[in-house]
Amino acid sequence: MSIPVLDFGACGLQNDPDVSDQQLCSLSQDMKTAFTEVGFAFLKNTGITEEEVARVLDISKKFFLQPEELKKPFSRGNFPNNRNHGWVSMETERLNPRRPGDLKESFNLTSLDPDTKWPSSEDVKDFQEILTSFYQRCKELSLRVLRVMALSLGLDPEVLLSTHRFIGTDVNGTTLRSLYYPSVNSEKAKEGQVRCGEHSDYGTFTLLFQGSEGLQVQNRSGDFVCAPCIPGTVLINIADLMQRWTSDQFVSVVHRVLLPSNGDSSTRQSMAFFVHPDDEALITCCDGSNKYPPITAGDYLIERFKNSYGQN
């Protein structure tokens with residue numbers, strides 16, 4: 001399986017959002033091919049620079065390297081307005097329920113509510129500003145992706161844009177996750193334990209900014225293949241709700257991050273922007289079929305969280 005590289009320059013953030021129909025037609029056809037055959041694609045020339053990504057990875061690493069007592073007050077579940085916002089400690093999440101907890105930490109930025117409490121120690125005093133700024137950049141890019149995606153499906157762009165109006169508020173589950181995989185002694189890990197268990201994503205699609213290689217993607221024959229890390233690109237993949245929405249026309253693919261090989265003490269970082277429809281959006285098959293029953297995006301997300309975190 002080869003993951004295609006698509007030139008998103010015509011719709012990139014460096015350009016005016018008004019794009020000619022000819023440019024959109026070519027890009028939407030390439031996107032349709034990628035999402036129906038592979039489920040993943042690299043986007044280049046998106047307008048989000050390598051410097052922006054490096055900046056958010058750097059401040060994130062400073063947060064993760066702090067003592068646990070400085071991170072614990074910002075734990076996921078401590079924010080009453082948004083239960084998914086905040087720090088997730090090692091082994092808390094189990095994306096493959098058949099494996100032990102994942103050997104990673106994360107910080108979920110789900111709410112841009114100005115009253116949300118943020119870490120403010122000297123080492124991470126810019127944490128809020130850098131993460132929220134990157135969130136907004138990812139949001140802007142995602143809205144442009146949604147427009148092209150709708151055209152690739154033969155839909156009016158408003159069909160998708162109208163269901164993603166509240167990204168960044170407490171009535172939409174879209175989340176920027178800063179992920180940190182610390183150095184691991186593979187011999188001391190629990191049996192079957194990995195950095196990130198086999199899973200598919202939950203919502204519309206995911207934008208992934210990788211600091212290094214490590215991600216593996218399952219091909220159609222069931223084998224896992226390594227996804228390269230291509231500087232200056234964004235890796236995008238279809239998520240489960242979009243596969244359901246398109247009556248399985250677009251495919252959501254299982255992926256994972258295994259432990260490093262014995263003797264490899266390297267860490268790994270990535271930034272993942274998980275795009276979700278608004279909580280109240282009713283998801284029905286866009287081809288008019290009844291292949292899947294209608295469900296609100298919020299109810300679907302709650303069910304998926306129960307599987308990953310337990311009944312909380």
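**View 1. Phe 107, a buried ring.** At 0% relative accessibility, Phe 107 counts as buried, a term that stands for under 20% relative accessible area, with exposed over 50% and partly exposed in between (1.4 Å probe, protein chains only). Phe 127 likewise counts as buried because its relative accessibility is 0%. A word on what you are looking at: this is a predicted model, in which local features need pLDDT of at least 70, side-chain atom pairs count only at pLDDT 80 or more, and totals for chains, interfaces and linings use all residues. Residues are numbered from 1 along each chain as its sequence is written, and side-chain values use heavy atoms, leaving out hydrogens and water.

**View 2. Phe 63 stacked with Phe 127.** Rings of Phe, Tyr and Trp (its six-membered ring) pair if their centres lie within 6.5 Å; planes under 30 degrees apart count as stacked, over 60 as edge-to-face and the rest as tilted. That rule gives 11 aromatic pairs. With ring centres 4.9 Å apart and planes at 10°, Phe 63 and Phe 127 are stacked. Both residues, Phe 63 and Phe 127, are buried.

**View 3. Arginines over phenylalanine rings.** The charged end of Arg 256 sits over the ring of Phe 224, 3.8 Å from its centre (the cut-offs: NZ of Lys or CZ of Arg within 6 Å of the ring centre and within 35 degrees of the ring normal). Arg 76 lies over the face of Phe 305, at 5.2 Å from the ring centre.
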